[in-house]
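Student: I have a structure open on my screen and would like to learn how to read it. Could you walk me through a few features?

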Amino acid sequence: MSQTTTGSELKSLFLLDPSITYLNYGSFGACPREIFEAYQGYQLELEREPVHFITRAGMEYAARSRKELAGYLHCDADDIVWTMNPSYAVNIIAKSFALSPGDEILATDLEYGACDKTWDYYCEKAGAKYRRQKINLPVQDAQQIVEDLFKGFGPRTRLVFVSHLTSSTGMILPVHDIVREAHRRGVPCFVDGAHAPGQIGLDITTLDADMYVGACHKWMLSPKGCSFLYVRRSLQDTIDPLIISWGYKAMFPGPSRFQDYHMVQGTRDYSAFLTVPHCLEFMRKYQWDRVRSHCRAMVRSNATRFFQLLESDPICPIDEEFIAQMLSIPIRCAEPELLYKKLFEKYNIEIPVMRQDDRVYLRYSINAFNQQEDLDRLYDALLEIKKEGQLLEL
Ligand SMILES: Cc1ncc(COP(=O)(O)O)c(C=O)c1O
């Protein structure tokens with residue numbers, strides 16, 4: 001049964017430390033108590049009869065959970081595999097991708113740092129190039145992003161890799177247009193959707209990406225260690241597992257080689273994977289569409305005063321097309337780590353201050369448990385810091 005719940009009631013459903021103003025859901029999501037208890041329930045069941053759980057019951061739960069996740073993502077359950085986190089999934093693809101000297105992977109210059117490093121590593125090993133193509137900011141419209149990105153396309157481009165929502169900017173990229181353009185030019189597209197599931201609507205089949213990675217432990221509310229990798233059926237046999245184990249030439253084959261390779265990886269606690277049905281039930285119960293639109297409205301309605309306070313300009317239109325539950329404000333700050341530390345230590349505000357190339361961004365994330373007073377607290381803290389005239393160079 002669905003329930004209408006106020007912001008403070010929603011806050012009480014989470015395990016977050018109430019003394020902290022938590023504005024960094026984008027880095028690490030927070031798991032509501034009832035989902036966390038379901039997770040611990042699976043762990044207890046595992047410890048009571050490890051053999052039964054790891055080889056039978058847990059596998060059945062995992063298959064059921066994968067089916068429900070696939071329903072939510074609008075794809076076939078056998079086309080997704082569980083991974084511990086998006087980094088793991090990006091590594092699976094980057095390591096499997098057969099690159100030759102001179103080949104290129106085309107990405108934007110707004111990708112997540114750890115993914116840049118992964119591609120750098122495997123490209124360097126193969127004598128290939130990871131091209132971080134500049135997206136001109138401020139962005140005018142979706143078309144401009146596509147044009148900027150494909151200026152980096154060349155005869156040796158083998159794959160396009162882009163974020164669905166970028167970590168540093170919080171901006172939604174026009175991935176439908178990017179996938180279409182990559183296909184028009186005859187190359188596959190891999191979308192890093194770490195921030196998408198649970199934050200924005202997602203239909204993997206309609207998107208038509210060749211590979212897609214998403215985290216459930218950010219905006220889908222699961223405990224940490226729950227993510228997935230989708231691979232188009234026709235490409236699945238080209239994808240190696242990161243860990244070779246019983247799933248290779250499986251004695252008891254599952255629905256596909258893809259599933260065997262990536263699911264059977266030695267002893268591990270996969271309880272986090274099993275929590276997806278609980279996350280979906282939680283979102284239904286608390287009318288998550290309503291919660292999300294309330295959060296998006298709060299993100300956008302506060303934007304102008306933060307840009308004014310920090311004497312900054314938006315890097316994209318502040319509307320539904322580009323902004324969901326995260327907003328990044330470019331700031332001038334020589335020592336972002338000190339600003340982060342001050343906001344946390346003096347004001348108890350958890351908010352990232354991130355560098356990307358020569359830019360620094362302050363990014364607030366809003367989820368169910370946040371209320372207007374959280375952003376007011378951030379505003380007052382920044383105002384005080386601004387008056388001190390040290391950390392913020394305005
Ligand atoms: C866009 C993006 N991709 C990938 C990741 C990697 O996620 P994880 O650290 O959970 O592997 C993140 C993490 O914040 C991210 O923001």
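**The ligand and its surroundings**

Tutor: Start here: a polar side-chain atom of D192 lies 2.6 Å from a nitrogen atom of the ligand. One caution before we go on: this is a predicted model, where local features need pLDDT of at least 70, side-chain atom pairs count only at pLDDT 80 or more, and totals for chains, interfaces and linings use all residues. Residues are numbered from 1 along each chain as its sequence is written, and side-chain values use heavy atoms, with hydrogens and water left out.

Student: Which side chains have a polar atom by an oxygen atom of the ligand?

Tutor: A polar contact is a pair of N or O atoms within 3.5 Å; within protein, one must be able to donate a hydrogen and the other to accept it, and residues adjacent in sequence count only if both atoms are side-chain atoms. Here H195 has a polar side-chain atom 2.7 Å from a ligand oxygen, and for K218 the distance to an oxygen of the ligand is 2.6 Å.

Student: Which residues surround the ligand?

Tutor: We take residues with a heavy atom within 4 Å of the molecule. Among them are N85, P86, S87, Y112, C115 and S163.

**Two domains**

Student: How is the chain divided?

Tutor: Domain bounds come from an automatic or database domain assignment. Domain 1 covers 7-30 + 287-388, and domain 2 covers 38-275. Their centres, taken over C-alpha atoms, are 27 Å apart. With contact meaning heavy atoms within 4.5 Å, 31 residues from domain 1 and 30 residues from domain 2 take part.

Student: How do I put a size on that interface?

Tutor: The size of an interface is often given as the accessible area lost when the parts come together. That buried area uses a 1.4 Å probe and is summed over both parts. Between domain 1 and domain 2 the figure is about 2300 Å², and carbon and sulfur atoms give 52% of that. On the domain 1 side, F322, M326 and Q356 supply 26% of the area buried against domain 2, more than any other three residues.

Student: How many salt bridges are there between domain 1 and domain 2?

Tutor: A salt bridge is a side-chain nitrogen of Lys or Arg within 4 Å of a carboxyl oxygen of Asp or Glu. The count between the domains is one, while a search of the whole structure finds 29. Another example to look up is D78 with R66, whose closest N and O atoms are 3.1 Å apart. D78 sits in the loop between α3 (50-73) and β2 (80-83), and R66 is in helix α3, twelve residues apart. Those names come from DSSP runs, numbered from the N terminus: helices are H or I with at least four residues, strands are E with at least two.

Student: What should I look for in the backbone?

Tutor: Most residues other than glycine have a negative phi, and most peptide bonds are trans. In this model, the peptide bond from L137 to P138 is cis, with omega near 0°. P138 lies in the loop between β4 (129-133) and α6 (142-150).

Student: What about phi at Q287?

Tutor: Q287 isn't a glycine, and its phi is positive, near 50°. You'll find Q287 in the loop between α10 (276-285) and α11.

Notes
Buried area = accessible area lost by both parts, 1.4 Å probe.
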